[in-house]
Amino acid sequence: MNKKTLTAALKNLPLGRLRYYEKIGSTNDMALSWGNEGERDFSIVIANEQLTGRGRNGRIWQTPPDSALAFSLLLIPNIREEKNISLFTGLGALALVDTLRQHYALDAKIKWPNDVLVNGEKLAGILVEANWQGDKIKNIVLGMGVNVYKNSVPNNVLFPATSLEELKPDKFSKPIRSLLLSQILESFAKRRPSLERGDLHNAWDKNLAFKGTQVQIHARDGQVIQEGKILGVNQDGSLRLDTHPAIYFGDVHLRPIKV
Ligand code: ATP
């Protein structure tokens, strides 16, 4: 993967500008500072390696060199999208789920709120952040890390992880990251109007992991704050349990209860 192969692979997409880095701290940090300068909608920062990639609340997202797809989209929401800001995480996850199903026959699911799983193992994570101007959102940064090759999977993780190469060795043992990125971005552009319409939660709901099963919602310190059966995703992206109408993102983690 390099700027030339990426530019060629992405040439038919309605992208803003593109920045490629061999090595970076975090693509989200770069896109956030780029957004502060005022960039074009659907611009993208891509890196071959992240030194300080982040998950939620400053947790580390590992991106060793030559291993993964790590990118951040800079998005300028229109007025209707602004009303549905909490759904951008679901939009990113669905773009990946659509791509994996359509092009690679992989049945991916979304572990609420921000992870994509295949066979119950974490393949990708999404982190949405924003630049604010007073109390108004100036732009959104949607970061995604996808484990492509085997060497992207960290040893010590709290939740079991996998890579595309482990899932489909024939397709993913060769250079494929530029193509995969173009497919994800195409799916993203196709799905984006449903966020504006306000019906994206229906697709998110259909692709939810652990639906109908008993889960625990943990706080950061591991304390269980809710327990119940997952019923679905509400229109605002919050999670509905049979014991609680709406769990919001915050710093909570979902864990299936094995019965
Ligand atoms: P959890 O996975 O515990 O439910 P989370 O969804 O909030 O929490 P994130 O904050 O999105 O997780 O991601 C950070 C966590 O993901 C890290 O704490 C680490 O355990 C795990 N992780 C880091 N890098 C990777 C990777 N490349 N692949 C899979 N998991 C990773």
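Predicted model: local features only at pLDDT ≥ 70, side-chain atom pairs only at ≥ 80, totals over all residues.
Residues are numbered from 1 along each chain as its sequence is written. Local features need pLDDT of at least 70, side-chain atom pairs count only at pLDDT 80 or more, and totals for chains, interfaces and linings use all residues, while side-chain values use heavy atoms, with hydrogens and water left out.

**Ligand**

The space taken by the ligand is the largest pocket. A pocket is defined on a 1 Å grid over the protein atoms alone, as an open set of points where a 1.4 Å probe fits, with protein on both sides within 12 Å along at least five of seven lines. A molecule sits in a pocket if more than half of its atoms lie within 2 Å of its grid points.

**Helix α4**

Select residues 88-104, which form helix α4. Helices are DSSP runs of H or I with at least four residues, strands are runs of E with at least two, and both are numbered from the N terminus. The 17 residues of α4 reach 24 Å from first C-alpha to last, close to the 24 Å expected at 1.5 Å a residue, where the expected span is 1.5 Å times one less than the number of residues. Of the 17 residues, 14 are buried, meaning under 20% relative accessible area with a 1.4 Å probe and protein chains only. Step past the helix to Ala-105, whose phi is positive, near 50°.

Within α4, pick Asp-98. Asp-98 counts as buried because its relative accessibility is 17%. Its C-alpha is 16 Å from that of Val-148, 50 residues apart along the chain.

**Two serines**

Go to Ser-72 in strand β3 (residues 68-75). Ser-72 is buried at 1% relative accessible area. Its side chain makes a polar contact of 2.6 Å with that of Asn-28. Such a contact is a pair of N or O atoms within 3.5 Å; within protein, one must be able to donate a hydrogen and the other to accept it, and residues adjacent in sequence count only if both atoms are side-chain atoms.

Finish at Ser-178 in helix α7 (residues 177-197). Ser-178 is buried at 11%, and a 3.4 Å polar contact joins its side chain to that of Thr-5.

Key:
Buried < 20%, exposed > 50% of the residue type's maximum accessible area, 1.4 Å probe, protein only. 1 Å grid on protein atoms, 1.4 Å probe; cavity = no way out; pocket = protein on both sides within 12 Å on 5 of 7 lines; lining within 4 Å.
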